[in-house]
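The sequence and the model are shown below.

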Amino acid sequence: MKNISLNIDKVAGFASKETIAAYEPQVKACMETLENGTGKGNDFLGWLHLPSSITAEHLADLKATAQVLRDNCEVVVVAGIGGSYLGARAVIEALSNSFQWLKAKQDGPIIVFAGHNIGEDYLFELTEYLKGKKFGVINISKSGTTTETALAFRLLKKQCEDQLGKEMAKKVIVAVTDAKKGAARVTADKEGYQTFIIPDNVGGRFSVLTPVGLLPIAVAGFDIEKLVEGARTMETVCGPATPFAENPAAVYAATRNELYKNGKKIEILVNFNPKLHYMNEWWKQLYGESEGKDGKGIYPSAVDFSTDLHSMGQWIQEGERTIFETVISIEKPEHTLQVPSDSENLDGLNFLAGKRVDEVNKMAELGTQLAHVDGGVPNMRLIVPELNEYYLGEIIYFFEKACGISGYLLGVNPFNQPGVEAYKKNMFALLNKPGYEEESKAIQARL
């Protein structure tokens, strides 16, 4: 079986292969720092060998709970924010039928998401949609006090109990939370919910291969064993025993840091498959939260092509030359669809008749890459044989490992996020949360 691979040929005019190869000693040192746990944030390295440590028993427990939700629910709401939902959503959206929610007959519960915003209309419309339905909730929160998720769960818990009764609610509400402490743990123990643990040494943005991601993915009906198997393969491929030139995570980390050093401050993750939109969103958090600190960091952006070629294409082609692109390229689509012939040919597309739609898409991808490189935009290409659980597992671990290496190359702690707290303090002060009295007075004086 082929693995995902990284092609950096289209970077050659901006950073030579020799220059990138010269990063080998630095990358090796970063990888040793990760393996030995001697760097900044070393208490959050649980993801590093997570795939190889996941047991068959653990996966069986997750699948058993997922089956309870599948058997008893028309809808399952995944409540979480940031790393507590983006990884699961990335995998579910990548593998789902794009129009699943419109099908008259569902194969399993519809998966919807909450707790990732504070939109009153969104939450009102969600609670209206859930009226009269058998629904369950996966509440994902380490603390249980994150405002967005806690607020949504408060609403959902009450509605679930009111509609289904306390006993059935206890059966279809699952908590993924801390092992011992926090409001979500206290609530789960008090109410008797099934629980799964978020490991203390795995940060949210690295948590998709924990129950945080695996449980919702299993509820959606996808193969979590294959997902973990793909990640496990990539753990070996990206491991310290693999030579630098053959290690995609090492080469990716080195290349992006060399481009950054040469003034390429923005990385755009590109896909030509709309199913990968939320993979882009997961990647943005992974790299933005890991590297954006100490006045440093490549800014992670993302586009869905060819759609965004009609909105962002002009800027990418001819705007400020501070950008580079990483393209996720899916070699083989799941389905086959050919362009029909039309006798009148008013749209002028008969030259495409008989060709697969994917061939048109691939030529759009190649043509775009060449145009952007000619326009001064270095391009890397992550080649993925197919879009399935196995290769998504490979993608996830590849990006995680590269992120750890890249952060250390940059000289930051890739595993903390101190800047995330600033908005929360201001919000709590403005809402007069108990314990924030002094902050409330200070912020009111500024308004």
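## Ser52 and its setting

Ser52 is placed in helix α3, which comprises residues 50–53. The model is a predicted one.

## A nonpolar surface patch

A nonpolar patch on the surface is formed by Phe99, Trp101 and Leu102. Together, Phe99, Trp101 and Leu102 have about 400 Å² of accessible area.

Within this group, Leu102 is found in the loop that lies between α5 (86–95) and β3 (110–114). Leu102 counts as exposed because its relative accessibility is 54%, and the exposed class begins over 50%.

## The second largest pocket

The volume of the second largest pocket is about 1000 Å³. This pocket is lined by 33 residues, of which Ile81, Gly82, Gly83, Gln285 and Glu289 are the closest to its centre.

Three helices, α7 (147–164), α13 (277–291) and α17 (421–430), each contribute at least two residues to the lining of the second largest pocket. The largest share comes from α13, with 4 residues. Sorted by class, the lining of this pocket contains 14 polar, 12 nonpolar and 7 charged residues.

How many cavities of 30 Å³ or more are counted? The count comes to 1 cavity, and the largest cavity holds about 50 Å³ of space.

The lining of the largest cavity consists of Val270, Phe272, Phe305, Glu325, Val327, Glu365, Thr368, Gln369, His372, Asn379 and Arg381. Two or more of the lining residues are given by each of the elements β9 (323–332), α15 (357–374) and β10 (379–386).

Which element supplies the largest share of the lining of the largest cavity? That share, 4 residues, comes from α15. By class, the lining of the largest cavity divides into 4 nonpolar, 4 polar and 3 charged residues.

Note on methods:
Residues numbered from 1 in each chain as written. Predicted model: local features only at pLDDT ≥ 70, side-chain atom pairs only at ≥ 80, totals over all residues. Heavy atoms only, no water. Patch = residues over 30% accessible without salt bridge, like charges linked within 9 Å, V, L, I, M, F, W, Y side chains within 5 Å. Areas by Shrake-Rupley, 256 points an atom, 1.4 Å probe, with all protein chains shown as cover. Salt bridge = Lys/Arg side-chain N within 4 Å of Asp/Glu carboxyl O. Buried < 20%, exposed > 50% of the residue type's maximum accessible area, 1.4 Å probe, protein only. 1 Å grid on protein atoms, 1.4 Å probe; cavity = no way out; pocket = protein on both sides within 12 Å on 5 of 7 lines; lining within 4 Å. Points joined across faces, edges and corners; volume = space filled by probe spheres on them. Nonpolar A, V, L, I, M, F, W, Y, C, P; charged D, E, K, R; others polar.
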